[in-house]
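The sequence and the structure come first.

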Amino acid sequence: AHTHIRTYQHYPQYITLHTSKRRKAKGKMQVVYYDIFDVNEEEAFSESEAKRIDREIDVFVEEMERGTRSEVHVDGAINELQMRRLLSLVARSRGVKKLGFRHWGMGDLGCFLLVELFATITESSGSLGMGRIEELSIRSCGITSKGTSVLLSTLQRYHGLVKLDLGRNNLQNAWEQHDWVGALHHTIPRLELQELDLSAVNMDVISIDAILSGLHNNGHCLRSLDISHNIESLASLLELLEPHLPHIRIRHLMLTKGASSASCVEISQVPLLKRFADGVAKNQDLISLGYFSVLPIDRQSSMEEQLIHRRGMEQLRRVQFVLDRNRFIPWLKAQHRAACLPQALRKSFGSRSSHSAAFHVLRECSDCLGC
């Protein structure tokens with residue numbers, strides 16, 4: 001079951017709870033949608049209005065405690081009173097595993113309220129009725145490094161969080177630099193975090209270098225890291241990553257998203273691609289790096305520029321080959337051990353969209369199969 005909460009600022013005078021249910025035979029499926037509208041704190045919080053809001057949220061609490069809800073998402077402005085009531089409900093609900101917010105309009109205050117939630121769950125670990133949050137998303141919520149540091153310090157004592165999304169928040173500011181990065185170093189190994197989204201958080205080269213250095217061969221569980229939309233120069237990012245690539249055990253490292261001029265290197269930076277490809281070749285875990293390419297050239301370019309461009313594209317194909325190898329070889333080995341490799345190849349790579357990448361890996365890496 002999925003619970004989605006939307007707040008609307010153009011209905012400031014009401015908070016309305018709308019429930020829609022759909023059932024199958026014998027009540028095997030129930031879908032409940034909640035629309036909670038934002039409250040104008042100056043006008044709506046009269047004594048009678050506050051009582052009515054309490055009754056509405058009490059109904060919401062009863063519905064959540066009665067069933068099993070796996071996700072709660074709040075998309076829009078939410079005030080402190082609503083936030084406290086919602087988090088109190090989440091703390092008592094055993095079914096909520098995913099908690100997400102977008103544009104909550106409270107800044108770091110929301111982080112401090114989340115600190116209370118995770119502290120309560122940690123202190124009551126093992127108690128009847130206490131849930132465990134596995135995925136937390138705080139995206140585009142206006143939080144800063146101060147709120148992030150406090151939240152990460154609290155999460156160090158919390159076990160069970162596997163996915164954390166802090167994207168599109170200004171975590172890097174002029175007066176509190178890099179303090180949240182230190183908290184992140186201690187949080188990742190203790191949380192057994194698997195996915196971390198730090199896209200568009202205004203990180204600089206120093207912060208990204210510190211985060212990658214903390215991931216060197218430390219036995220962490222992190223498999224996906226998104227650092228896109230932080231550094232404008234792709235060449236600077238590739239140069240920064242080069243010494244870290246042989247030592248990090250990440251499957252998905254998102255450097256860029258989408259095809260644009262920001263995801264391309266210039267002709268003069270093609271030698272950097274060779275060093276980057278050498279680093280990727282030493283990594284046996286990476287299977288995706290996002291999209292990046294070499295800036296296209298026109299037909300009137302000189303022969304030297306065309307040659308350099310061709311060499312750059314060759315290095316990109318080399319990088320793609322390594323990613324394909326890391327993706328297919330573990331699967332091929334497992335199928336070979338199970339003595340069903342021919343059948344698996346026919347079933348999985350029968351389509352033209354996937355067989356070319358698979359078979360060029362097979363051709364070059366057949367010795368890895370031991371046959």
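I began with contacts, counted where heavy atoms lie within 4.5 Å, and found that residues 24 or more positions apart account for 80% of the contacts in the protein with a separation of 6 or more. The model is a predicted one, in which local features need pLDDT of at least 70 and side-chain atom pairs count only at pLDDT 80 or more, whereas totals for chains, interfaces and linings use all residues. Residues are numbered from 1 along each chain as its sequence is written, and side-chain values use heavy atoms, with hydrogens and water left out.

I then noted that the protein has 12 helices and 10 strands, where helices (H or I, at least four residues) and strands (E, at least two) are DSSP runs numbered from the N terminus. Of the 371 residues in the protein, 45% are buried; buried means under 20% relative accessible area, exposed over 50%, and partly exposed in between, with a 1.4 Å probe and protein chains only.

**Helix α6**

I looked up the length of α6, which has 13 residues and reaches 19 Å from its first C-alpha to its last, close to the 18 Å expected at 1.5 Å a residue; the expected span is 1.5 Å times one less than the number of residues. I listed its buried residues as Trp180, Val181, Ala183, Leu184, Thr187, Ile188 and Leu191, and these pack against α5 (145-155), β6 (195-197) and α7. Just after α6, I found that Glu192 takes a positive phi of about 55°.

**Helix α7 and what follows**

In α7 I found Ser207, Ile208, Ile211 and Leu212 buried. They cover an arc of only 130° around the axis, which puts them on the same side of α7; the arc is that of the directions from the helix axis to the C-beta atoms. As background, an α-helix has 3.6 residues a turn, so residues three or four places apart point the same way. The buried residues of α7 pack against α6 (179-191), β7 (224-226) and α8.

I took Leu212 separately: it sits in helix α7 (residues 205-213) and counts as buried at 1% relative accessibility. Leaving aside neighbours within four places in sequence, Leu212 is in contact with Leu225, Leu241, His244 and Ile248. The C-alpha atoms of Leu212 and His247 are separated by 9.2 Å, although the two residues are 35 residues apart along the chain.

Not counting residues up to four places away in sequence, His220 touches Ile188, Leu215, Arg249 and Ile250, and its C-alpha is 8.5 Å from that of Arg190, 30 residues apart in sequence.

Buried in α9 are Val270, Leu272, Leu273, Phe276, Ala277, Gly279 and Val280. Seen down the axis of α9, these buried residues fall within an arc of 160°, so they line one face of the helix. I found that they pack against α8 (234-241), β9 (264-265), β10 (293-294) and α10 (303-337).

In α10 I picked out Arg311, which counts as partly exposed at 47% relative accessibility.

**Two loop residues with positive phi**

His103, in the loop between β3 (98-102) and α4 (108-123), has a positive phi of about 55° although it is not a glycine, and is partly exposed with a relative accessible area of 41%. Arg168, in the loop between β5 (163-165) and α6, has a positive phi near 60°, again in a residue other than glycine, and is partly exposed with a relative accessible area of 47%.
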